[in-house]
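Here is a tutorial dialogue on reading features from a structure. Please look at the sequence and the model first.

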Amino acid sequence: MSIPGDQPFRPPRDAGASEAVFRILIVDDDPALRRTFPHVLANAGRTFDETGSIAEAIDHLERQHYDLVLLDYRLPDATGLALLDWLVEHRRDEAVIIISGEDAIDAAIGALRRGADDYVRKPYHVAQLQRAVDSALHKAALEKANRAMSQRLKASERLHRYLVESSPDLIFTLDSEGRFSYINPRVKALLGYERNSLMRRPFTTLVMPEDVERICTLLAQPSTLPGESFSVELRLRRDRSATHEDDSVTVSLTGIPMQAQGADPRKAGLYGVARDISERKRAEEIISFQAYHDQLTHLPNRVLFKDRLELAIAQAQRRTGALAVMFVDIDRFKLVNDTYGHAEGDALLRAIAARLSATLRRGDTLARLGGDEFTVLLPDINTPEDAEVIASKILEALAAPIMLSQGEYRATVSVGISLFPRDGATAEDLTRHADIAMYQVKRSGKNAFRFFDPALNTHHRERITLENDLRDALGRAEFELHYQPQVSLAQRRIVGLEALLRWNHPVLGSLGPSGFIQVAEELGLIGEISTWVLEQACAQLAQWRTEGHDGLRMSVNLSPFDFDKRDIVSSVTACLERHDVPASQMELEITESMMMNDSAGVAAKVRALRAAGVSVAIDDFGTGYSALAYLQKFPVSTLKIDRSFVRDLEGPMTNPIISAITGIARGFDLDIVAEGVEQAEQAEALQMLGCDIMQGYYFARPAPAAEVRSWLQQPSMVFPVH
């Protein structure tokens, strides 16, 4: 009911509007009164509709919602109670003020029981009606606001519950004793537990033993700031009866203490979110493994080996101990790759890695640096003999053949050893010195081990300097050709010239081929050098031909590596064509060892050169005791008797090997040239044995082209006077 003296209600402003809007329905059968109400109740934000019966009122209510209904008690078609019943039945929330002239209290009681908000008895004062309307609208506005807030809260609660219940993370709360008070359904998929089975259980029962102490410490720490959180990675155990996966899951746990007002923070409980990071951890482990291990053999790589070696050095320094580093290189590994393919090469590397690992002690480290190179760290050795024992075991372990898909393969390795502190105090020095010792084994015949010697370091430095200088020698025009004449005793003239390479080193002076050709072969520079030699020799021969010396034959030495090039035949013929030199005046010298170790490709290239008209000579014939079958396979044109046979000549019958060689040459219709002739007696003996063409210091030393020109103009200059 309206209470006299109440303050008029000022309706609240609507968000986004200047004034709140209230709709009021007037239901009264007195037209004059219906017209009066809008005037006496007029206020900003109020609109009015009017009707004279219950039926018309219901029709308005079905089409429109109202904030307030001013309802006369007596109406033509029914009492106002009928409309109140209709509002209740249809769950309407309009406020209703009954305006009635009834004196009986029963009418007011009936109206209020049916939901009327106020009851104004006729006659009434205008101010009384205004206060009743203001109060009803105020109450309706509050109820409307409360309903809207309640709906928003319910919607928010539903949203938050949905987010928590559907979260891919494990979300839970703990009570002050660290026991589960809530846990979302994610626990079933993540850990295999039914969440009801975990309620009131301590959180630590899910934590793996090694992480329990850490999480207990975090849970016990007091929180000084509201909402202060902690983050930690730990492992939660799975229900092994419900899953066949790993026994634990790695999670990133964020915990936020829940604090009650005025309560001890340590006793308030915890809100926790645990995110499964198992896949990320596995990915990190894979990335870490790949960063520090060789992908083929799964051995430590260069980075990890260096780290372990540096740690071992630091420990040895503290204990005044010793350690050893081994550098292990597979002999002839390139042959396997080139012959059988890289898949077989990889299988060989894995097999050798397994055998090397089997020879080492528990605390040793075997690493693969790349290619066919391995390193071994031997910590805590007492004497060099300890390293020698392991090196011997490595060689023995590889003695048995390794089975590949192509058949058995017997692998050997060259092992260099350096010792700490004798051979270096840093990881770089020890590894480098072991590498130097290994290369010395390579040069000494392979399949052995050797300790580092400081003298090797000096040789190695000289070798590195020589390699660096050799790389730039062509660009700096330091190479030069000297020529040694090949003379015919019968014709007493020069019939050919052998082109001999010299390197005018800026520091070491003039170097012959023996001082750098092997290095060039190892560095892969021999192809460029041979091309330069061939080009210069052809150009020089072409010039001498223009000067009238058109009967000369030029001999050029080729490396076995030159025959690995597929274009050696076309390279030679193209060079001859460029300089307009007949193929018959070019002779290429190959080694006997290359002939003995022939592959089908080399033999085919020799035949192609001979078919092109180029002569092919076997240099140093006889030193390798060639089988005669190779002379049939290789269509060579000339045999060159090695200087070692000529040196010991004293008479025509004192060297049966030369006699045999001359007989072979006659039998195969081959030319024959003797090298290293230094005495008249040797020349005479060779002539008597059937060898007419010779070269050596007896006639002339190798000389530059300018000096050779004078010999060609006066051939007698190369024949000593008797």
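This is a predicted model: local features need pLDDT of at least 70, side-chain atom pairs count only at pLDDT 80 or more; totals for chains, interfaces and linings use all residues.

Q: How is a pair of aromatic rings described?
A: The description uses the distance of the centres and the angle of the planes. Rings of Phe, Tyr and Trp (its six-membered ring) pair if their centres lie within 6.5 Å; planes under 30 degrees apart count as stacked, over 60 as edge-to-face and the rest as tilted. By this rule the count comes to 10 aromatic pairs. One of them joins phenylalanine 479 and tryptophan 532, a tilted pair with 6.1 Å centre to centre and 50° between the planes.

Q: Why does the pair of phenylalanine 479 and tryptophan 532 tie together parts of the chain that are apart in sequence?
A: Phenylalanine 479 lies in strand E18 (residues 479-488) and tryptophan 532 in helix H17 (residues 526-546), so the pair ties together parts that are 53 residues apart in sequence. Helices (H or I, at least four residues) and strands (E, at least two) are DSSP runs, numbered from the N terminus. Ring pairs also link Phe479, Trp503, Phe516 and Trp532 into a cluster.

Q: Is phenylalanine 479 buried or exposed?
A: Buried means under 20% relative accessible area, exposed over 50%, and partly exposed in between (1.4 Å probe, protein chains only). Phenylalanine 479 is buried because its relative accessible area is 7%. Tryptophan 532 has 21% and is therefore partly exposed.
A further pair, phenylalanine 699 with phenylalanine 719, is edge-to-face, at 6.1 Å centre to centre and 80° between the planes. Phenylalanine 699 lies in the loop between strand E26 (693-694) and helix H25 (705-713), and phenylalanine 719 in the segment after H25, so this pair ties together parts that are 20 residues apart in sequence. Phenylalanine 699 is buried at a relative accessible area of 6%, and phenylalanine 719 is buried at 6%.

Q: How many salt bridges does the structure hold?
A: A salt bridge is a side-chain nitrogen of Lys or Arg within 4 Å of a carboxyl oxygen of Asp or Glu. The structure holds 39 salt bridges. One of them is between the side chains of aspartate 117 and lysine 139, at 3.2 Å from N to O. This pair links distant parts of the chain, 22 residues apart: aspartate 117 is in the loop between helix H4 (105-113) and strand E5 (118-121), and lysine 139 is in helix H5. Lysine 139 counts as partly exposed, with 39% relative accessibility.

Q: Which residue forms a salt bridge with arginine 200?
A: The partner is aspartate 175, with the closest N and O atoms 3.1 Å apart. Arginine 200 is in the loop between helix H7 (195-198) and helix H8 (209-220), and aspartate 175 is in the loop between strand E6 (170-174) and strand E7 (180-183), so the pair links distant parts of the chain, 25 residues apart. Arginine 200 is partly exposed, with a relative accessible area of 46%, whereas aspartate 175 is buried, with 16%.

Q: Which residues are joined with Glu233 into one network?
A: Glutamate 233 forms a salt bridge with arginine 280, and the closest N and O atoms are 2.9 Å apart. Glutamate 233 is in strand E8 (residues 230-237) and arginine 280 in helix H9 (residues 278-292); the pair links distant parts of the chain, 47 residues apart. Salt bridges that share partners join Glu233, Arg280, Lys281 and Glu284 into one network.

Q: With which residues is threonine 359 in contact, leaving aside its neighbours within four places in sequence?
A: Contact means heavy atoms within 4.5 Å. On that basis threonine 359 is in contact with Ile390, Lys393, Ile394 and Ala397, its neighbours within four places in sequence being left aside. Threonine 359 is found in helix H12 (residues 342-359) and counts as buried, at 11% relative accessibility.

Q: Which residues make the nonpolar surface patch of about 330 Å²?
A: Patches are made of residues with over 30% relative accessible area and no salt bridge: like charges are joined within 9 Å, nonpolar side chains (Val, Leu, Ile, Met, Phe, Trp, Tyr) within 5 Å. Accessible areas come from the Shrake-Rupley method with a 1.4 Å probe; for residues, only the protein chains shown count as cover. Here the patch is made by Leu159, Tyr162 and Leu163. Leucine 163 lies in helix H5 (residues 126-166) and is partly exposed, with a relative accessible area of 47%.

Notes:
Residues are numbered from 1 along each chain as its sequence is written. Side-chain values use heavy atoms; hydrogens and water are left out.
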